[in-house]
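Morning, everyone. Please bring up the structure on your screens, and let's walk through it.

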Amino acid sequence: MSQPFWPAYLDAERLKHAENLKLAITAEITYSNSISVSEHAVMLILNLVRNFAPSHKWVTEERGWNIADSAYRSFDLEGMDVGVLAAGRIGYAVLKRLEPFDVNLHYFDKNRLPYDVEKELNLTFHDSAQDLVRSVDVVSVHAPLSAETKGLFDEELLNSMRRGSYIVNTARGAIMDRDAVVRALESGQLAGYAGDVWYPQPPPENHPWRTMPHNAMTPHVSGTSIQAQARYAAGTREILEDYFAGHSIRDEYIIVDGGELAGTGAKSYKIG
């Protein structure tokens, strides 16, 4: 059993030496933290748009009370164009939670949502990530890391966005070009970046995302609320009990079976 990201990555080298391995469980059980991550993403959006982190620092660390220094970068979310990149379990939950804020909701996903869902949430569908990001003020990233998404937010894509846009990333750090994000914040192309994920993880002390301007970074805790931890434990126990009893493990818990993607893995990932 492993925490899914660090330090025990199940890479090819480790698996090569694990001749007796029969079952590998990542303790982040499918469905266990979708709501937790979606709530965290909405919190980060509001944090950036309302300039919360600098305002908090102003009164706690700097002992100041100049309201103008806190308010000059603070905006209402209402009326903004907000986009979700990948509308799976988490992205869809983010869209649902943002709808009451009276924003204009946009999304891109390879699998378009049903018409009834689009109508209910008044969603605008975009047929590419590139078209989505240049059409919104805020983008919340929920895509898996793949060859297609690694480094997706490079200099070119970031510069195609509206000047003064915001990015929230609770997906994977490597979807971003690390230094391009820093430059975009320093130039004002981005007004803010909030991320719960890093590359590498844990980041070194001198990782530039720790000190870049207008950031609201957290240490990959979005899916680790107390309730999510309880669901991790319950799901892990269920998998173990089914395995030792010779019962089938629930399809939504399966990522790889018999050397091939299966279950949720087959729906979420592709090889090559």
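How many aromatic pairs does the count come to? Four aromatic pairs. Keep in mind that this is a predicted model.

Take Tyr-243 and Phe-244. Their ring centres are 5.3 Å apart, and the planes sit at 75°. Edge-to-face needs planes over 60 degrees apart, so this pair is edge-to-face.

Next, the cluster. Ring pairs join Tyr-193, Trp-198 and Trp-209. Arg-210 places its charged end over the ring of Trp-198, 5.7 Å from the ring's centre.

Now the strands. Look at β6, residues 190-195. Is this strand enclosed or open? Six of its six residues are buried, so β6 is largely enclosed by the rest of the structure. Its partner is strand β5, residues 165-169. The two pair in the parallel sense, over five bridges.

Last stop, the surface. Which residues make the nonpolar patch? Leu-10, Leu-15 and Leu-21, and the patch covers about 260 Å². Find Leu-10 in the segment before α1, which spans 12-16. Why does Leu-10 count as partly exposed? Its relative accessible area is 46%, and partly exposed runs between the 20% limit for buried and the 50% limit for exposed.

That's the tour. Over to you.

Technical notes: Residues are numbered from 1 along each chain as its sequence is written. This is a predicted model: local features need pLDDT of at least 70, side-chain atom pairs count only at pLDDT 80 or more; totals for chains, interfaces and linings use all residues. Side-chain values use heavy atoms; hydrogens and water are left out. Patches are made of residues with over 30% relative accessible area and no salt bridge: like charges are joined within 9 Å, nonpolar side chains (Val, Leu, Ile, Met, Phe, Trp, Tyr) within 5 Å. Accessible areas come from the Shrake-Rupley method with a 1.4 Å probe; for residues, only the protein chains shown count as cover. A salt bridge is a side-chain nitrogen of Lys or Arg within 4 Å of a carboxyl oxygen of Asp or Glu. Helices (H or I, at least four residues) and strands (E, at least two) are DSSP runs, numbered from the N terminus. Buried means under 20% relative accessible area, exposed over 50%, partly exposed in between (1.4 Å probe, protein chains only). Rings of Phe, Tyr and Trp (its six-membered ring) pair if their centres lie within 6.5 Å; planes under 30 degrees apart count as stacked, over 60 as edge-to-face and the rest as tilted. A charge sits over a ring if NZ of Lys or CZ of Arg is within 6 Å of the ring centre and within 35 degrees of the ring normal. Two strands pair if DSSP finds at least two bridges between them.
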